[in-house]
Amino acid sequence: MPVVIAVWLGDGILRTVARRNGGGARAMVVATFWPSLVRGARMIEIHDLTKRHGPRAVVDGLSFTVRPGRVTGFLGPNGAGKSTTMRMILGLDAPTSGTALVVGERYRDLRRPLRQVGALLDAGAVHPGRSARAHLAAIAAANRIPPSRIDEVLGLTGLGSTRGRVGAFSLGMKQRLGVAAALLGDPGILMLDEPVNGLDPEGIHWIRTLMRELAAEGRTVLVSSHLMSEMALTADHLVIIGKGRLIADTPTAAFLKNTSRTDILVRASRPQELRSLLMSHGAQVAVEADGALAVTGLEPHIVGDLAAAARIGVHELTVRSASLEEAFMAITGDAVDYRAGSIERTHQS
Ligand SMILES: Nc1ncnc2c1ncn2[C@@H]1O[C@H](COP(=O)(O)OP(=O)(O)OP(=O)(O)O)[C@@H](O)[C@H]1O
Ligand SMILES: [Mg+2]
């Protein structure tokens, strides 16, 4: 009975077999009888996780759940504890207290870890003398992954024609190899620590598309990055930490809406007149240096209609939202460990 075999082979194969057998119904039946697929299915669950180095808690009572079907961005200033949290999820660091579960179990208790969780933590952690293929072949052999999967992931990550030793790879090529290794077991959960680091624009676009596709297939994707513009495009959900503590666990859209300023920039033929008019309808209106109006407290269509009714020409009407970067800086301001000084200040001291 193919479905039973699928259970033993792991999560990725399960989906393939379920697809071949006519859809999700059978997968549901299997999930019902397979506790680990039900308990925390494809989830990362962090409960009151703490990691101390000496007296200092670098991860401090952290709790959040990473769910399937969406890309979750894991954000925080340098030293916030993102990599440490990811290491604890993978059992590479032992928590001082609290738990980190994947698929409802501790990582070290997973029967087929690479088929359930694919991770890229440190792209440089590869044997420099091996080729990309040999590196992946060693991982595949140790995890009983069919060799045919090596060519698939090499192709998927654009390394298909790469020759030579990994030691000579550029940072971007090592990142791609790290992603290839993470995808090798076709896992239901992907965890990537700063995967776009060192990637060229094509690579950044590729990894964004890849993460979104993996999430759309129902996988769980947790990704850390400092590239806020990228995260705004990639992440559906954000977990933001600072100094080891949770600052926000929120859908990206809600975070941007609630944390950041939104106003309407209006350029008009008679700005002073429009300003008075809008203020008499309850708007707050600031005048920018170039004479444009920055309007809050009224919907854009009301602003346009009021101007039209007063026969004031509107030359521009733009809704302005703060970027994720601005919102991130605003919310993490107090949690920044390492803040750069300005050049003037450095020269003065
Ligand atoms: N083995 C260790 N011994 C002592 N302190 C450590 C150790 N590992 C990490 N830390 C400290 O824990 C804190 C969190 O580090 P971590 O690498 O998790 O941060 P991060 O959020 O990933 O930062 P970045 O954005 O710079 O990658 C840092 O202050 C770091 O110095
Ligand atoms: Mg880190």
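Predicted model: local features only at pLDDT ≥ 70, side-chain atom pairs only at ≥ 80, totals over all residues.
Now look at strand 1 (residues 44-53) beside strand 4. These two strands pair in the antiparallel sense over five bridges. Glu45 gives a point to find on the model: its bridge partner in strand 4 is Leu101.

Helix 5 (residues 82-89) supplies three residues to the shell around ligand 1, the largest share. The shell consists of His53, Val58, Gly76, Asn78, Gly79, Ala80, Gly81, Lys82, Ser83 and Thr84. By class, seven of these residues are polar, two are nonpolar and one is charged.

Turn to the helix pairs. Two packed helices are described by the angle between their axes and the distance between the axes.

Take helix 7 (residues 132-142) and helix 9 (residues 171-183). They pack at an angle of about 25 degrees, and their axes are 10 Å apart. Angles under 35 degrees count as roughly parallel, and helix 7 is therefore roughly parallel to helix 9. Their crossing is right-handed. On the helix 7 side, the contact uses Ala132, His135, Leu136 and Ile139. Helix 9 meets them with Leu177, Ala180 and Ala181. The contact residues of helix 7 and helix 9 divide into six nonpolar and one polar, with no charged residue.

The second pair is helix 12 (residues 252-259) with helix 15 (residues 324-332). Their axes come within 10 Å and cross at roughly 70 degrees. Helix 12 and helix 15 are therefore roughly perpendicular to each other. The crossing of helix 12 with helix 15 is left-handed. Phe255, Leu256 and Thr259 make the contact from helix 12. Leu324, Ala327, Ala330 and Ile331 make it from helix 15. What classes do the residues of this contact, helix 12 with helix 15, divide into? Six are nonpolar, one is polar and none is charged.

Definitions and conventions. Residues numbered from 1 in each chain as written. Chains lettered and ligands numbered in written order. Near = placed C-beta within 6 Å. Helix = DSSP H or I, 4+ residues; strand = E, 2+ residues; numbered from the N terminus. Nonpolar A, V, L, I, M, F, W, Y, C, P; charged D, E, K, R; others polar. Axes fitted to C-alpha atoms, helices over the stretch in contact; angles between N-to-C directions. Parallel < 35°, antiparallel > 145°, perpendicular 65-115°, else oblique. Left-handed = near helix turned anticlockwise from the far one by under 90°. Contact = placed C-beta atoms within 7 Å. Pairing = 2+ DSSP bridges.
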